[in-house]
Amino acid sequence: MNFWFDPVNFIAHWLNSLLVGWGMAEWLAALIIQLVGVVVLISLMMVFDVFLVWVERKVVARFQDRLGPNRVGPFGIFQPFADIIKLIIKEDITPDGADKVVYNLAPILSLMSVLLLWAIVPLAPVIFGVDLNVGALYIVAAGSIGTLSIIMAAWSSNNKYALIGAFRQVAVLISFEIPMIATMLIPTILAGSMGMNEIVRGQQTVWYVVLAPLAALTFLIAAIAELGRSPFDLNEAESEIVAGFHIEYTGMKFGLFYAGELLHAFTFGGFWAVLFLGGYHFFGLENLGPLVAVVILFAKAMFGYWVIMWIRYTVMRMRIDHMLAFNWKFLTPVAFVVLMLTALMNTLLRNTSSVVYIAGMLLTNVLLCWIIVEILRGFSRAERERTEGVASATVAAHH
Amino acid sequence: MTTETLIWLIPLPPVLAFFLIILFTNRNKALSHTVAVGAAFLSWLGAMIVFVRAIGTPDLGKTPFGSSVNWIPTADTWLKVGVQIDPLGAVVLFFVAWTILMIFIYSVGYNNFGQPKGDHDHPGLPPHGATDEHGHAVPSVEPMYSRFFAFISLFAFGMFTLVLSDNLLTLFAGWEIMGLCSYLLIGFWYAKESARNAAVKAFMTTRVGDVFMLLGIAFLYSATGSLSYHDIFQPQVLHALASVPTPIFGLSAAGLIGLLLFIGTVGKSAQFPLHVWLPDAMEGPTPVSAMIHAATMVSAGVYMIIRMFPLISLDPKTMTVIAFIGTFTAIFAATIAVAQNDIKRVLAYSTISQLGFMIAALGVGAYVAAAFHLVTHAFFKALLFLGSGSVIHGMEHGVLYTGDHRVDPQNMFNMGGLRRKMPITFWTFLIGGFALSGFPLLTAGFWSKDEILADAFSNGHLIVFITLAVAAFLTAFYTMRQITLTFLGEPRAREAEYAHETPWTMTAPLVLLAGFAICAGWVGIPQDFLGLHLNPSWFHEFVGSTLAVMPEATPFSWVAFGTSLLVALGGLFFGWLVYRNVAAPEQDKLQIPLLKNKYYLDEIYNFLLIKPSYWFAKTVVYQWMDKGLIDGILHFFGKAANAIGSVVRKYIDLWFINRTVGDGTAHVTQWVGRNLRPIQSGRIQQYMLVSLIVLLAIVGLLYYLLVIV
Amino acid sequence: MTAMQIFFLITGLVILGSALMVVTTRNLIHAALWLIVTLFGVAVLYAILNASFLAVVQVVVYIGAIAILFIFAVMLTRKEMRDRGPQLNKGWWLNAIIALLTFGGLFWMLQSWNGFSKTAADFPSGYDAVGQLGRALISPDAFVLPFEVASVLLLAALVGAVYIAFNRK
Amino acid sequence: MIPLSWFLILSAALFSIGLFGVLSRRNAVAILLGIELMLNAANINLVSFWRYGDISLMAGQVFAIIVFAVAASEVAVGLALVISVYRRRNTVIADELDLLKW
């Protein structure tokens, strides 16, 4: 095995021989190597996170027709480090009447819930944390820890705003988990496995975004809601509840939340890529080597992240009841319909030629999309008639 | 689909239709009659297919279509139930299917489908007519329209079952289904006293016959151990039956069974002396009359007895009885028919007499002739009934127009000159009438009746021959009388002037049946008719092959031919001559009270049977036994019990129970309750604790008992 | 004593300890949080038992939904943040004895069962337990009926909960 | 390898602790917490019996899942009840909810 085609095992093997050479027990060596792997992965993500801060600020600036950070280093590339220093040297306040343990535990959990996710992301055919055969569920599980961290933070900081923010966020998370799971089941059906590696391998020939565009879209929306980003950022609606659950946090604790949020967004971009955009596949380019594959995956994740940012800085914030209604009355049913339809079509067309299969799936989605749009139009027309009276509605219909 | 399966399927549509209509489509008239007629059509289709296949099959008589399944397990064997189509069954099925379909279609028009709802109609009465938006009086739709179709569907089911069954048991089942339906349908307008009574009368009278028939069936089963025709008509079985003597009149077993079954026929086919229900059955709606009197029920009786011919013919005594009853009924009913004024009653009596013809034919051993007359008669009698219904309907138009509801639209003396008002009805009725009176060479009735007469003559039953000839003459006579009074001459009542033709749903069946009334006879032209050598009579060949030994064709005899020619034409001519200008019942010479009142038979029955049984029920059973004896005993018991009760109450209940036991218990309970109350603390966890302790105790105990010990 | 056994012992201790905290701690929110720790431990046990699906579902359902619900309920059913006063009934020592008795009885019965201390066969590598479970859940000759009944139960509970907690004002 | 007994004892202990909680907690929510513990104890047994028995028979896991469903619905309804009780009686202390007492 050489480094280029299997770096991880190469290094692991080398380390293992080294440690055993020092006369260490086999299992202990294995354990240490595992730990090293974990540490490496985590620190990699953290460093990348620092980079994300810069990206976010640059992109938002561009969206808002500004330059963004451009003083510290070329293109202000070192701006995040400045931020970090600022956060570290800030006073670390723990509000009176706060529940110390929980208060300090919350940010850690928050970041942890994000980092946990990277354990199952297949960066390359041979580079991945674990190939869990229940990966899809694992994502939700980790997400639920995030929920927990939020509610812990909000409760422990003994602040009504925080509590309200947390309630909103938890309500949103719990309700948007449903369409998310439903849409995550679709790649599962198509690939015949919940394991991320299997799912990516299943997209060798055609990405699932082609087979199930609607599912991809639904997943993206649900993901944004899970992230609590605009237009769903009610947990920290500045104008209403100052900053939501992390209102009381200062210094590095807030930094952890912040980093967690950014990384979370990027992570979901990554999962979007893994589940629907073909993971590390890019027209055979990934065969050049695992590292190339990693780059491809990160590029796709970045694309997803960019889409999320794009939406965030374009669409305005929704009202909480609108949002929940949107989920329960629209997103969830759509997700389930798509799920059932995909399962059905998949079973029907499985044994046909690949062209027919792809065309059939795509056609089904297009058809369903059209139907949904029609239904929505009908609803909106009825709404308009109720509000404005029939005449204007008909006029509008003519336009 | 194999023919056997098809045969199984034929009876199903009507019964399905029955349940559909009763359960679901009761509200919707159009749907109901669609379902019913559709079902009838399906059955008709199946019947036709079966019929075509049947006539296409060589020697069907030896190997009939049929299949059977196990039904009721008896001790060692199974009671099988199955279907069978042999030549006889095929022809019967043919006319049954046709007439039923026609009648169904006719009923749509007869019940005024599509007309407005009646102004003051209510269920159980004939529709009285409504006033449409222009204020004209128009017929109104039957209030119980859907129910009517449900009933006739069930009726059709019964008839098909009867015709198709290959054994006496299912035949009897269908027989009884029809009995029930005739009861329901005759009493269809149950708010009319007369209709109610007629229904009960019909039910009771036929029941008399059915009981005997059931006896016969039971005897047959006990004698042969089977009820399927195929087993019964095995030569050795028949021989055995014929040789076994019975204590009654020295009849053989076969003879006795035949006699009993024949009594069933007498009831069902309204032969003397059980014919009295048939005229009263005219209370039902006209399609029902046609149904009962032409197509199905009465034919069923004759069909059954023809079916049983091989058995009956074993005993000459029985044959004699049958021949006598038939002949007598024929002449007897014919004489009554002459004096009736109600258009439907005339037809009813003529039916009785025609059935008499068939029975008589059977009695003289003219198997084929009887079957032949059964078929042709079914067609032209159905035609006549539907025609008369059409006439009545037309008259009702008139009645509605004049608004004088006292005028009886069925009385022939209110009619006259209708040939101009309702031509289609007139011509078809004319054809039917001629067929009935056996108009020579052209009509179906002639061929069948002529064959009967010829058989009677050539078999040397001179009395039978002469009587039947006279009956035939009378038949022609009263038929012509009816036609003359109804259609010819001038209207004798304003209603008749305003009568007009009925809708196509009623006339179309008439036309079709008229076609049959003519053509149905041509299949049975004797071989050496008028001495010229035609090819042998198809009907004779076909139906005759049902029997084990094909009966030889009757030799042609000028006497018989001349007689039937003479009686038919003569009857028609005299009928026209006498009645061409009779204007009122008074001028009718033949309104002899004796005839008019049907020989006072109803009164005689009333005096001999009904009165005594009433008296017995009222005086003996009700007053003496019930009131005196039983009630007396009961009252005694009551008093005794009362006395004991009061004693017990005073000395045991009040004193002992209440004082000591009752109040004592109450006190104890109260005390216990008071002391147990604190446990009821309303604290869940406490309850749980207690229950848990008990649980632990029990588990420990059980464990100790089961495992340790 | 293999690594696995050590791991199990640690997990078990965490579970029992946190469980004790759940039933004894004065602060209800803490109790709920301790419950979460316990549930995590149980999830780990499932993982040890090669029931990966159950492990993840445990986290999703219990921590993601049930524990959160508990925290909500605690927050919604109080006026001020801290819980004052005794959190245990007066007769708690009796209850403790009962609990101990229960444990003793269970232990006693179990240890007298002959299959008590048997060890499992090695888990066959590549054995698709999840797939097996899925098939078992939906195959008509296995557990499809209980599965459907459970779903109906969930629906009923959903409706019932909404109806009960609905604030009529 | 870990013997079955360890799991059984662990679950028994967990069950007893939950029982204790159910019996002696004053707050209704806390009682529900105890019930959750007991349910988990039962689940541990189910799964371990699956693992230590014939692993091709899925009954253990299936019933564990059904217990999940039951637990979820039980919590949903139970907490809803607690909340509505709190609305009406303004307390969630089990002992104070003794309308049913004589």
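Guide: What follows is a look at the place where chain C touches chain D, with some background on chain D.

This is a predicted model, in which local features need pLDDT of at least 70 and side-chain atom pairs count only at pLDDT 80 or more, while totals for chains, interfaces and linings use all residues. Residues are numbered from 1 along each chain as its sequence is written, and chains are lettered from A and ligands numbered from 1 in the order in which they are written.

Chain D comes first. It has three helices and zero strands; helices (H or I, at least four residues) and strands (E, at least two) are DSSP runs, numbered from the N terminus. From the N terminus on, the order in chain D is α-α-α. Chain D has 102 residues, and 60% of them count as buried. A residue is buried if 20 or more other C-beta atoms lie within 10 Å of its own, exposed if 12 or fewer, and partly exposed in between, with C-beta atoms placed from the backbone. Two residues are in contact if their C-beta atoms, placed from the backbone, lie within 7 Å. Of the contacts in chain D between residues at least 6 apart in sequence, 48% join residues at least 24 apart.

Now the meeting of the two chains. Here 67 residues of chain C are in contact with 58 residues of chain D. On the chain C side, at least two residues each come from α1 (3-24), α2 (28-48), α3 (52-76), α4 (92-111), α5 (129-138) and α6 (144-165). The most come from α4(C), which gives eleven residues. Sorted by class, this side of chain C has 53 nonpolar, 13 polar and one charged residues. Ala, Val, Leu, Ile, Met, Phe, Trp, Tyr, Cys and Pro count as nonpolar, Asp, Glu, Lys and Arg as charged, and the others, Gly among them, as polar.

One helix pair shows the detail. α3(C) packs with helix α2 (residues 28-52) of chain D at an angle of about 170°, and their axes are 11 Å apart. Axes are lines fitted to C-alpha atoms, for helices over the stretch in contact, and angles run from 0 to 180 degrees between N-to-C directions. The angle makes α3(C) roughly antiparallel to α2(D) (under 35 degrees is roughly parallel, over 145 roughly antiparallel, 65 to 115 roughly perpendicular and the rest oblique). From α3(C), the contact uses L54(C), I66(C), F70(C), A73(C) and V74(C); from α2(D), it uses V29(D), L33(D), E36(D) and V47(D). By class, the residues of this contact are eight nonpolar, no polar and one charged.
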